[in-house]
Amino acid sequence: MNSYIQETIELVSKRNPNEPEFLQAVKEVLGSIAPVIERHKKYQAHAILERITEPERQIIFRVPWVDDSGKVQVNRGYSYQFSSAIGPYKGGLRFHPTVNPSVLKFLAFEQVFKNSLTTLPMGGGKGGADFNPKGKSEEEVMRFCQSFMSEFYRYLGPNTYIPAGDIGVGKREVGYFFGQYKKLANEFTGVFTGKGLQWGGSLIRPEATGYGCVYFAKEMLLTKALDFKGKTCLISGSGNVAQYTVEKLIEFGAKVLTMSDSSGFIYDKEGIDTEKLAWIMELKNTRRGRISEYVTQYPSAEYHEGKRPWAVPAQCAFPSATQNEIDEEDAKTLLKNGCTLVAEGANMPSTLEAIEVFLNAKILYAPSKAANAGGVTTSGLEMTQNSMRLTWTAEEVNARLHHIMQMIHSNVYNTSIEYGQKGNYLMGANIAGFVKVADAMIDQGVV
Ligand code: NDP
């Protein structure tokens with residue numbers, strides 16, 4: 001490995017002990033950009049790697065709130081403002097009991113390069129809390145969001161930091177955040193994306209990450225003159241990203257076999273069609289139920305408690321739940337069963353070892369920072385509409401999303417060719433995302 005990269009990884013490891021997810025993300029990016037570091041000595045001369053791996057600002061705060069029984073609860077809130085080199089901080093908020101500095105730093109770090117790939121002027125950030133919205137009443141969720149925002153609002157602004165949703169944070173939570181922000185800041189500005197349509201949201205934002213992931217995968221197939229017709233697909237997760245990935249795959253003629261949640265997965269040999277997907281969306285988005293209920297509604301399907309779907313034979317896989325959900329063994333199983341395309345809807349769903357398996361096998365592997373960039377892309381389009389104080393039609397937003405995903409694909413693919421590893425989308429995405437941010441940092445001096 002290049003000695004500058006090696007030294008930076010050692011420095012980051014020493015400076016951030018007990019942060020395995022963050023170190024994993026740093027190794028994933030730095031481990032694949034050696035060709036550009038060696039070709040352009042300016043990056044070392046300007047200490048870009050040391051600077052790009054250190055967040056510009058990190059804030060940890062107390063979030064006290066009162067539950068329905070009158071008891072005071074305390075959670076921890078976080079804001080990681082990683083890089084504003086190419087635009088204001090942009091990235092989602094996550095509410096999940098596993099949220100900690102390591103998880104949010106990995107997400108914020110990845111976001112920097114992802115946002116760079118979108119072609120839009122957005123820096124990278126991420127935030128959230130170790131709050132578990134599951135099983136909480138509407139009132140508890142609202143009180144928590146309001147308490148969170150009572151501190152968090154200080155760091156936001158339409159030209160400073162514009163958050164969005166992520167795991168555990170959807171339209172409902174964004175509504176509560178926005179209401180509290182508006183009250184405290186006394187202004188109505190587009191400071192969140194993923195807003196309701198009546199108050200500044202963009203059409204296609206809910207669909208964007210899933211649709212974008214399938215658009216990107218379609219471009220990868222096109223490089224081999226293939227398409228989705230009749231292709232069998234595994235999806236993990238049944239939340240926002242998973243649902244719209246399935247919707248677009250069905251539209252493109254693929255056969256979707258699985259979906260999951262953190263309790264287990266369902267396997268429908270006959271395929272999840274539009275009607276079944278509508279039932280899942282109602283189950284998950286309205287009733288907030290468990291995916292296991294699918295087999296009561298559709299008894300020919302199977303439910304596998306406590307398992308992930310990767311052992312089901314299929315041609316394509318779309319991990320769309322959470323980080324590190326595909327390990328080395330899962331990756332080998334996928335390949336053994338004939339999988340030739342993996343497109344990451346979730347952030348960092350594959351371990352470093354799993355990625356190695358995909359790269360060595362030279363399958364079509366789309367890393368999350370490219371494949372799931374459609375969500376933040378459409379957030380960028382929501383910001384544009386807010387600034388212009390107008391609303392585009394669904395067709396217009398979808399067309400722009402589709403076009404940008406095609407541009408991201410060609411940028412990443414062409415970068416992989418430029419650096420001598422045609423079809424290595426990991427390297428292509430990391431180098432293309434890195435160069436834009438690094439060059440902006442050099443232009444702006446040591447700040
Ligand atoms: P949701 O909260 O809507 O859905 C998450 C899904 O993943 C649920 O089915 C959930 O199951 C499952 N899940 C969560 N944690 C785990 C776990 N530890 N093990 C197994 N399953 C789990 O989130 P999103 O769909 O928005 O996000 C999914 C992924 O996509 C995340 O990695 C997120 O960072 C990424 N992403 C999201 C974007 C967006 O626009 N929403 C944009 C780009 C990336 P359960 O209900 O049981 O918790």
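**Exercise 1.** Determine how many residue pairs are in polar contact between domain 1 and domain 2, and describe the side of domain 1 that touches domain 2 by class.

*Solution.* Between domain 1 and domain 2 the count is 3 residue pairs in polar contact, both residues being at pLDDT 80 or more; a polar contact is a pair of N or O atoms within 3.5 Å, where within protein one atom must be able to donate a hydrogen and the other to accept it, and residues adjacent in sequence count only if both atoms are side-chain atoms. The side of domain 1 that touches domain 2 draws at least two residues from each of α2 (20-30) and α6 (101-117), helices here being DSSP runs of H or I with at least four residues, numbered from the N terminus. Of these elements, α2 gives the largest share, 5 residues. By class, that side of domain 1 holds 5 nonpolar, 1 polar and 9 charged residues, with Asp, Glu, Lys and Arg counted as charged.

This is a predicted model, in which local features need pLDDT of at least 70 and side-chain atom pairs count only at pLDDT 80 or more, while totals for chains, interfaces and linings use all residues. Residues are numbered from 1 along each chain as its sequence is written, and side-chain values use heavy atoms, with hydrogens and water left out.

**Exercise 2.** State what area is buried between domain 1 and domain 2, and how many salt bridges cross their interface.

*Solution.* The domain assignment, automatic or from a database, gives domain 1 (3-188) and domain 2 (208-362). About 1100 Å² is buried between them, 51% of it from carbon and sulfur atoms; buried area is the accessible area (1.4 Å probe) that two parts lose on being put together, summed over both.

**Exercise 3.** Identify which parts of the chain the salt bridge of E28 and K369 links.

*Solution.* The side chains of E28 and K369 meet at 2.7 Å, N to O. E28 belongs to helix α2 and K369 to helix α15 (residues 368-371), so that the pair joins distant parts of the chain, 341 residues apart.

Methods: A salt bridge is a side-chain nitrogen of Lys or Arg within 4 Å of a carboxyl oxygen of Asp or Glu.
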